[in-house]
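Hi everyone, thanks for coming. I'd like to walk you through one structure today, so please have a look at it while I talk.

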Amino acid sequence: MATNGEEQQTQSTRHQEVGHKSLLQSDALYQYILETSVYPREHEAMKELREVTAKHPWNIMTTSADEGQFLNLLLKLINAKNTMEIGVYTGYSLLATALALPDDGKILAMDINRENFELGLPSIRKAGVAHKIDFREGPALPVLDQLLEDGKHGTFDFIFVDADKDNYLNYHKRLIELVKVGGVIGYDNTLWNGSVVAPADAPLRKYVRYYRDFVMELNKELALDPRIEICQLPVGDGITICRRIK
Ligand code: SAM
Ligand code: CA
């Protein structure tokens, strides 16, 4: 059993803030991961992009460095070549992806906001991987419908979804057709700042409360979907890795 002192210690190291980049209960432990295993191995251009993004008013949206490292390694493990990203912002996860792909690899990247993507573009160019990126400005859903109309079924090795959470199930309907059997879809923020287990009367920020039900619905649907195997990881704000099996 924890002593009072230990309990106080746990309480004081517990972070409360929405948007903290880890769901780990101890900030010190999270810092340890970053400083020991992530920052020393972070590509120079990723560091630059992370620092540029930190100055942007919406920096709460960025992918964390540990999640970027995870995505980069995952893509290499599955030998991904043809990929997609929905939700680019300034491009931290996009650069993590682009650096993992072979030189002739491709990322179809979509975001309704081009300006933020352009903030990160100089770092992406410096890394020498901009040629892998096909950026489309606009909502992702019509692009997915067009891909299906064009018969691009089963052509993507990896898809990272990190955009409007109220559309994730609409994306899933289409992405499950677009990813190849054996390919992977990663849905981001599936623990939604821990709010998925918050009591009904918990004081949540408006946007957290609004999207929470959509995230919970998605989690239920993914768990029931026989076309995929899943693993929900507490990396970043929670990422659910789905492998298409049929
Ligand atoms: N993956 C990014 C990174 O590593 O920094 C973070 C993405 S941010 C959490 C979500 C992004 O989704 C925003 O840039 C937003 O403009 C974009 N977005 C929102 N609705 C969208 C839609 N319908 N289609 C495409 N992008 C959308
Ligand atoms: Ca995210």
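**Starting from a covered strand**

Let's begin with β2, a strand that is mostly covered: five of its six residues are buried. Before I go further, please keep in mind that this is a predicted model.

So what does β2 pair with? On one side, β2, which spans residues 106-111, runs parallel to β3, and five bridges join the two. If you want a residue pair to click on, Ile107 sits opposite Ile133 of β3. With β1, residues 82-86, strand β2 again pairs in the parallel sense, over five bridges. There you can look at Ile86, whose bridge partner in β2 is Met110.

Now zoom out to the sheet as a whole. It is an open sheet of seven strands with mixed pairing, and the order reads β3-β2-β1-β4-β5-β7-β6. Which strands stand at the edges? They are β3, at 133-137, and β6, at 228-233; each has a single partner strand, so one side of each has no neighbour in the sheet. From one strand to the next, the twist averages 15 degrees.

A helix packs on this sheet as well: α9, residues 206-224, touches β5 (179-188), β6 and β7 (239-244). The direction of α9 makes about 140 degrees with that of β6.

Next, the nonpolar core. The largest one has 52 residues, and those with the most contacts inside it are Leu95, Ala98, Ile159, Val161 and Ile185. Which element gives the most to this core? That would be α5, with seven residues. Let's stay with Ala98 for a moment. Leaving aside residues up to four places away in sequence, Ala98 touches Ile107, Ile124, Val129, Lys132 and Ile133.

On to the ligand. How many residues surround ligand 1? There are 21 of them, and the closest are Thr63, Gly87, Tyr89, Ser93 and Ala163. Both α5, at 92-100, and our strand β2 supply at least two residues each to that shell. By type, the shell divides into 10 nonpolar, eight polar and three charged residues.

Asn189 lies in the loop between β5 and α9, and its phi is near 70 degrees, a positive value in a residue other than glycine. Asn193 has its place in the loop between β5 and α9 too, and has a positive phi of about 55 degrees, although it is not a glycine. Are they buried or exposed? Asn189 has 21 other C-beta atoms within 10 Å, so it counts as buried. Asn193 is buried as well, because 21 other C-beta atoms lie within 10 Å of its own.

One last stop: Leu74, in helix α4, residues 65-77. With 19 other C-beta atoms within 10 Å, Leu74 is partly exposed, since a buried residue needs 20 or more. Its C-alpha atom is separated by 9.7 Å from that of Val184, a residue 110 places away along the chain.

Technical notes
Residues are numbered from 1 along each chain as its sequence is written. Chains are lettered from A and ligands numbered from 1 in the order in which they are written. This is a predicted model: local features need pLDDT of at least 70, side-chain atom pairs count only at pLDDT 80 or more; totals for chains, interfaces and linings use all residues. Two strands pair if DSSP finds at least two bridges between them. Helices (H or I, at least four residues) and strands (E, at least two) are DSSP runs, numbered from the N terminus. Axes are lines fitted to C-alpha atoms, for helices over the stretch in contact, and angles run from 0 to 180 degrees between N-to-C directions. Two residues are in contact if their C-beta atoms, placed from the backbone, lie within 7 Å. A residue is near a molecule or strand if its C-beta atom, placed from the backbone, lies within 6 Å of it. Ala, Val, Leu, Ile, Met, Phe, Trp, Tyr, Cys and Pro count as nonpolar, Asp, Glu, Lys and Arg as charged, and the others, Gly among them, as polar. A nonpolar core is a set of buried Ala, Val, Leu, Ile, Met, Phe, Trp, Tyr and Cys residues joined through C-beta atoms within 7 Å. A residue is buried if 20 or more other C-beta atoms lie within 10 Å of its own, exposed if 12 or fewer, and partly exposed in between; C-beta atoms are placed from the backbone.
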